[in-house]
Every structure is written in structure tokens, then in C-alpha cells.
Amino acid sequence: MNIRLLHPAWDWILSLLFLSIFPFAVLLGLYYPNVILEQGISHRIFYFHVPVAWVALYGPGISSICAIAYLVTKKRTWDTLSLSANKISLLFAIGVLFSGPIWAYLAWGTPWDTTDARLNSFFVLVLSLVAYFLLRFLVLDQTKKYIFSAFLSLFCSVNAILTWGAIRWMDNPGNHPSSVLGKKGMDPDMRISFWLGILAYHLLFLILYRLVYRLDKIKAVREELSD
């Protein structure tokens, strides 16, 4: 059974890109762009928080596509791909939950604004991801586990879409700023640092996804051999 997700050459390509871009992107975000005066040095969390949040929202989408493929084909590989994507999504979501309150406290004077649509919807997304893994742990029947997991992945994807649209489709009563894509006035130094950070953390996602998938695939093969 093939464990690899793509050709081995992609390991070298992604690794070289990651090692070339990621350290530079982190240092650039820490030292290059000017900070927003109202927020001071805490504004530099932006160049970590937003890219990580984007990946945390994209992950459930990838997982749901794989979940649909599993429901159609009933091939275990698609369930494994869905599982791996959700693992990375939860990891990045935890990063958002840690970095967000730090930035919020320094910028707003409170670590969590209970009236903010984006914050509350993102917390629901995290809870749905936790529920996904609890379900996989509690359901012992393998066939039911994969089917239930697929539908819960779709639910997580819906939550991710609602979180993405929370500051776009409704009036947000909280403190969360509007979409950065709508800020045409972003200064060049901020724009360069931001988009390089987006690229860097997406490369990190791809590398982690390949590694986690291989580990999950090995575990799946062992389970099949033991049955």
C-alpha cells in the first residue's frame, strides 16, 4: 500500500521552499513593518495570528472534500486524508486561541470580546474539531466511525465558512477588525510582510499535512493488518 501523498521529490521542493521562506517571513514580520500606533509592538502578532487563522479555516475545507470522497468511494485513504487535515486544523486553531487573546488584551484591553461574531464563531469551530476527535475515540465500530467522521467534517467545514463570513456578511458588534483583504490602504511594508507570512504558514501546513498523513496512513495499515 502506498504511504506517500505525492512524489518524493515534493519533499525536497517543499522543504527547500520552507527553509528559504519561513525564517525570513517570521523575522520580517517581527522587525520590518511599522506598527499601528494605537496597538504598539503588539501589532506584530498580526503577522502570525492572521496567517495561522487562515490555515485553520482552510483545513476543514480540505477535510470535507476528502470526507465527501470517502462517502462516495468508501476508500479508507480518503478518511485518513480527512483525519490528517483536521489534526493540522486543530493545531493551527490552538495557535489562534493563544495568540488572539494576547493581541486582543493589548489592543482592546480585554482578552476576549463576548460580543464579537468572529471570536465566538471561531470558538464554535474549535469545539466542533474537538468533537470530531472525541467521536473517533468513542465510536469503536470502524465503519460507523468513518461515516460519522465524514459528516462531522462537513459540519466543521460549515463552521469554518461561517467564521470566515462573520465579519463579511453581518454587522459585527465586537472589536474584531474587518477583513484585511478589504483594506486597500495597507502600507507596502505591511502588505509585503503579511503576504509573505501567508505563504510561509501555508508551506508549513503542506509539510505538516504530508508528515501527519504518512503517520496516520501507517497507523491505518497496522489496523488493517491486525483485523
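**Stop one: helix H1**

Select H1 and colour Leu 14, Phe 18, Ile 21, Phe 22, Ala 25, Leu 28 and Gly 29: these are buried, meaning under 20% relative accessible area with a 1.4 Å probe, protein chains only. Helices here are DSSP runs of H or I, at least four residues, numbered from the N terminus. This is a predicted model, where local features need pLDDT of at least 70, side-chain atom pairs count only at pLDDT 80 or more, and totals for chains, interfaces and linings use all residues. Residues are numbered from 1 along each chain as its sequence is written, and side-chain values use heavy atoms, with hydrogens and water left out.

Now show helix H2 (46-73) and helix H6 (188-226), which the buried residues of H1 pack against.

Back on H1, click Phe 18: the helix bends there by about 30 degrees (the angle between axes fitted to the seven residues ending there and the seven starting there).

**Stop two: H2 meets H6**

H2 and H6 pack at an angle of about 40 degrees, their axes 9 Å apart.

**Stop three: Ala 69**

Stay in H2 and pick Ala 69. Is Ala 69 buried or exposed? Ala 69 is buried, with a relative accessible area of 17%. Leaving aside residues up to four places away in sequence, Ala 69 touches Lys 74 and Trp 78.

Note on methods. Helices (H or I, at least four residues) and strands (E, at least two) are DSSP runs, numbered from the N terminus. Buried means under 20% relative accessible area, exposed over 50%, partly exposed in between (1.4 Å probe, protein chains only). Contact means heavy atoms within 4.5 Å. Axes are lines fitted to C-alpha atoms, for helices over the stretch in contact, and angles run from 0 to 180 degrees between N-to-C directions.
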